[in-house]
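Have a look at the sequence and the model first.

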Amino acid sequence: MFRTSLISLGVCSVLVLSACGSDDNDNDQSASSVASSSSSSSVSSASSSVESSSSVSSSSSVSLTQVSGLAAVGAALSNATVTAHCADGSSFTTAVVTNSQGAFSGSVTTGALPCALQVQGGNPPVKLHSYTDTGGHVNITPFTDLALANATNLSPEEWFTDPDWSLITNNIATATAELETALEEAGYDLPAGDFAPFTQSFAIGDEWDQVLDQLQLAIDQSASIDGYIALLELVRQGSLASLPAGSTSSSSSSVSQSSSSSSSSSSSASSVSGGGSAEQCFNAELFSEGTQIIGEYRTTDGASGAVIDFTYDQTIFGSKAFNGQSARYAISDTTATGAAPSQSTTTSYFTVNAAAARSEALGVEVVTQSPISTTTVTQNNPGRLTRYDLNPGESYSQTFTATTQVMGFDVDSDISFTTTFTGIEEVTVPAGTYSACRFDSEEGGLQTTRWFAVEKGIELKVISDGDETVYVSGSVNGQAF
């Protein structure tokens with residue numbers, strides 16, 4: 001009951017609206033929304049804390065390491081099989097298949113690392129390779145495939161069959177740097193920052209994914225290279241200069257994968273009632289230092305009809321270190337009444353890029369004063385991404401690890417979600433009728449729909465697993481909304 005991510009037994013502030021439960025928002029927009037996504041699998045109530053601690057206890061005797069990431073060629077490789085070939089000869093503990101956005105997650109025995117990885121699937125089918133020596137996030141893309149070919153002077157498939165780890169230890173750093181240089185010299189538009197194809201977090205449709213699109217388009221248009229396998233063979237032979245010239249006019253539609261779910265090719269949902277970018281619902285004021293947001297919401301449990309009313313008072317502050325990063329933070333005091341009365345204080349940590357209409361939720365600390373005194377801290381690695389730079393029908397995906405510290409235990413959860421901006425439509429809540437951006441999300445099989453007010457950016461309504469949360473009243477910096 002009360003699966004709606006706005007609350008977890010009433011103890012979450014609206015700043016962490018979706019910080020409670022794995023159904024939470026990847027689209028929360030105010031600082032409240034950023035931090036809310038911040039703990040998508042976090043446990044912010046006494047009961048959820050108990051669940052977390054018991055899950056740790058039950059699994060603590062099994063030493064497993066999570067391996068998760070994204071498989072893509074620009075377009076996502078959906079419903080593709082991912083195989084591990086680890087140093088001790090073992091593989092994943094269970095079968096691993098990518099989801100519609102190319103995200104995958106599996107476990108290997110901790111002592112089995114390092115592991116070579118192979119993804120096989122798509123339409124037309126492809127095989128790509130990668131590796132990890134630590135577990136955690138790892139990508140499988142043409143860039144990881146090409147870097148392995150350059151490092152080993154073997155076809156990546158041949159190396160995967162019988163991995164020679166000395167070739168990786170001795171050569172992979174240089175081989176990756178050489179690939180970066182070759183891409184730049186060939187005219188590819190590499191984003192700023194480190195070129196880390198094996199571990200760089202990215203989402204379908206973002207700037208790193210678009211470089212994969214550039215490569216695919218360049219191969220398709222090349223008169224001298226007969227497809228990707230031919231390019232891979234040239235790189236294996238040491239001819240990185242054979243990379244086809246890059247093109248900045250690429251789009252995901254150029255990628256020859258019918259399984260593509262990239263943001264540039266996702267189809268619009270039938271319920272779209274208005275066009276325009278979701279940036280209309282991004283309000284930079286809600287992230288600004290000194291901003292005070294007061295809100296009242298009501299959540300109705302879809303199964304029992306029980307109701308929780310909660311009010312929060314949130315203030316945005318300047319920079320503060322969190323998990324080794326400089327972050328903006330917000331503090332919210334939340335009081336819940338009704339079916340599950342509670343009192344809590346939440347500190348949420350986030351970064352924001354107002355020019356790009358994006359933010360990342362780095363983590364959240366929830367201190368519950370009643371009914372039971374608990375403290376829960378969740379760290380997201382990497383930060384959970386929230387995007388508003390979307391047109392109707394466009395989507396984005398991310399996989400990250402949320403580490404929750406509660407009752408003396410650390411609980412690691414690998415989380416993958418896909419969010420689609422459906423469009424702008426009219427929505428009515430107790431506070432009134434508004435034009436709102438609608439976002440539909442899928443996370444772990446749970447469907448969640450959220451609406452944010454045009455221009456104001458306030459979250460108006462959430463429907464998840466039959467539960468419904470609605471905006472009742474509130475203000476921003478003393479001005480009624």
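Strands here are DSSP runs (E, at least two residues; helices are H or I, at least four), numbered from the N terminus, and two strands pair if DSSP finds at least two bridges between them. This is a predicted model, where local features need pLDDT of at least 70, side-chain atom pairs count only at pLDDT 80 or more, and totals for chains, interfaces and linings use all residues. Residues are numbered from 1 along each chain as its sequence is written, and side-chain values use heavy atoms, with hydrogens and water left out.

Now for the open sheet: three strands in the order S4-S1-S7, with mixed pairing. Ser68 stands opposite His137 in S7.

Here are two of the pairings:

| Strands | Bridges | Direction |
|---|---|---|
| S5 (residues 115-121) and S6 | Seven bridges | antiparallel |
| S1 (residues 64-70) and S7 | Two bridges | parallel |

In S6, Thr132 is the bridge partner of Cys115. Five of the seven residues of S6 (residues 126-132) are buried, so this strand is largely enclosed by the rest of the structure. Buried means under 20% relative accessible area, exposed over 50%, and partly exposed in between (1.4 Å probe, protein chains only).

What about the loop between S6 and S7? Thr134 lies there, and it counts as exposed at 58% relative accessibility. Leaving out residues up to four places away in sequence, Thr134 touches Thr65 and Leu113; contact means heavy atoms within 4.5 Å. Thr134 and Cys115 are 19 residues apart in sequence, and their C-alpha atoms are 8.8 Å apart in space.
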